[in-house]
Amino acid sequence: MTSDVWLPFHADGIEGLPEGLDYRFWDGGQDFPADPADCVFYVVPYMKPPAVARRPMAEMTSLRAVQTLSAGVDHVLPGLKSLRPGVQLCNARGVHEASTGELALALILASLRGIPDFVRAQDKGEWRSGFRPALADKSVLIVGYGSIGSAIEDRLVPFEVARVARVARSERTTARGPVHPLTELPALLPEADIVVLSTPLTDSTRGLVDAEFLGRMKDGALLVNVARGPVVDTKALLAELESGRITAALDVTDPEPLPLGHPLWQAPGVLISPHVGGPTSAFLPRAERLLVAQLNRFVNREPLGNVVLTTGT
């Protein structure tokens with residue numbers, strides 16, 4: 001019986017991994033570490049192109065679980081079509097909440113307080129003072145209220161925001177208040193000074209932020225995207241940015257990476273970071289804890305955590 005586990009980290013550096021499995025290191029290199037047909041548990045290399053992540057999957061005929069190290073799983077979904085029924089796909093819930101929440105807050109503060117302008121002025125040795133918006137007393141709308149959306153709210157609360165509204169696929173109640181369904185977005189958008197996107201990329205969220213969505217945002221509002229680039233219609237966003245009506249802070253874009261010369265680079269009122277919500281010093285210890293927990297469940301035949309879907313069902 002095969003027992004290969006493909007890891008993007010060296011197993012001897014991870015304390016607590018269960019015995020009885022054959023750990024193979026593969027971080028997306030050209031050569032596979034072993035026969036993919038012998039892999040039973042595949043940990044997808046982190047921050048690699050989707051084509052790289054999916055490349056061995058068609059040959060993984062013994063596979064029982066796919067574990068991503070990202071909160072989103074859209075980059076591996078096409079590869080599931082080649083897998084046998086019963087393979088579980090698990091995401092990295094619990095790994096990226098802290099770092100993505102930090103980045104969302106950093107993008108908000110940097111955009112509101114004009115940090116990019118200060119840096120450009122410093123490069124020229126110019127002292128540019130002025131009056132800037134504060135985060136305090138602002139109304140914030142979080143679109144995509146899962147664990148990352150909740151972590152973002154955790155970091156907003158100490159900044160004395162006036163209100164946080166929450167939107168997710170389905171309506172529910174949390175300790176902090178109601179979570180509104182997506183159908184209520186049109187009524188909530190005009191009330192928000194800041195709109196934060198932290199939703200997964202699905203058929204229902206692709207292109208969610210279109211011309212109509214952006215048109216409902218109030219004048220002077222800030223759009224922050226720490227979700228996925230295709231959640232936003234880039235052409236529609238460019239039109240709003242070039243008009244000067246709203247501003248944006250984007251950790252993800254469509255296309256991505258954003259090519260040289262793309263108009264988003266020079267659009268007024270936009271701050272762009274290169275998809276860095278996850279890769280921080282907080283990543284590795286949390287990722288290792290997740291893998292240790294999942295693989296111990298796997299060898300003990302216990303239910304895996306973070307299961308997003310099972311093939312063939």
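Reply: Contact means heavy atoms within 4.5 Å. Helices (H or I, at least four residues) and strands (E, at least two) are DSSP runs numbered from the N terminus. This is a predicted model, in which local features need pLDDT of at least 70 and side-chain atom pairs count only at pLDDT 80 or more, while totals for chains, interfaces and linings use all residues. Residues are numbered from 1 along each chain as its sequence is written, and side-chain values use heavy atoms, with hydrogens and water left out.

Me: Which residues of helix 2 and helix 3 meet?

Reply: From helix 2 come Leu109, Ala110 and Arg113, and they meet Ile115, Pro116 and Phe118 of helix 3. By class, this contact has five nonpolar, no polar and one charged residues. Here Ala, Val, Leu, Ile, Met, Phe, Trp, Tyr, Cys and Pro count as nonpolar, Asp, Glu, Lys and Arg as charged, and the others, Gly among them, as polar.

Me: At what angle do the axes of helix 2 and helix 3 cross?

Reply: Axes are lines fitted to C-alpha atoms, for helices over the stretch in contact, with angles from 0 to 180 degrees between N-to-C directions. The axes of helix 2 (residues 97-113) and helix 3 (residues 115-123) cross at roughly 65° and come within 5 Å. Helix 2 also lies across strand 10 (194-197), strand 11 (222-225), strand 12 (247-250) and strand 13, and its direction is at about 150° to strand 11.

Me: What is the strand order in the open sheet of eight strands?

Reply: Strands of a sheet pair through backbone hydrogen bonds, either parallel or antiparallel. Two strands count as paired if DSSP finds at least two bridges between them. In this sheet the order is 8-9-7-6-10-11-12-13, and the pairing is mixed. Strand 8 (172-174) and strand 13 (270-272) are at the edges with a single partner strand each, so one side of each has no neighbour in the sheet. On average, neighbouring strands of this sheet are turned by 20° against each other, direction ignored. Within the sheet, strand 6 (residues 139-143) and strand 7 (residues 163-168) run parallel and are joined by five bridges. Val140 has Val164 of strand 7 opposite.

Me: What is the strand order in the open sheet of six strands?

Reply: The order is 2-1-3-4-5-14, again with mixed pairing. Strand 2 (22-25) and strand 14 (307-310) form the edges; each has a single partner strand, so one side of each is left without a neighbour in the sheet. The twist from one strand to the next averages 20°. Four bridges pair strand 1 (residues 4-7) with strand 2 in the parallel sense, and Val5 stands opposite Tyr23 of strand 2. Helix 9 (residues 283-299) lies across strand 1, strand 2, strand 3 (39-43), strand 4 (65-67) and strand 5 (88-90), at about 160° to strand 3.

Me: How many aromatic pairs does the structure hold?

Reply: Rings of Phe, Tyr and Trp (its six-membered ring) pair if their centres lie within 6.5 Å; planes under 30 degrees apart count as stacked, over 60 as edge-to-face and the rest as tilted. The structure holds eight such pairs. One of them joins Trp6 and Tyr42 edge-to-face, with 6.3 Å from centre to centre and 85° between the planes. Trp6 belongs to strand 1 and Tyr42 to strand 3, so this pair ties together parts 36 residues apart in sequence.

Me: Which residues line the largest cavity?

Reply: On a 1 Å grid over the protein atoms alone, a cavity is a set of points where a 1.4 Å probe fits but cannot get out; a pocket is an open set with protein on both sides within 12 Å along at least five of seven lines, and lining residues have an atom within 4 Å of a point. Grid points are joined across faces, edges and corners, and a volume is the space filled by probe spheres set on the points. The count comes to one cavity of 30 Å³ or more, and the largest cavity holds about 50 Å³. Its lining consists of Asn225, Gly229, Val232, Thr234, Leu237, Leu250, Val252, Thr253, Asp254 and Leu264, which divide into five nonpolar, four polar and one charged.

Me: Which residues are closest to the centre of the second largest pocket?

Reply: The second largest pocket has a volume of about 390 Å³. Of its 20 lining residues, Pro116, Arg120, Gly269, Val270 and Leu271 are the closest to the centre. At least two lining residues come from each of helix 2, helix 3, strand 12, helix 8 (263-266) and strand 13.

Me: Where do Pro255 and Pro257 lie?

Reply: Pro255 is in the loop between strand 12 and helix 8, and Pro257 is in the loop between strand 12 and helix 8. The peptide bond from Asp254 to Pro255 is cis, with omega near 10°; the bond from Glu256 to Pro257 is cis, with omega near -5°.
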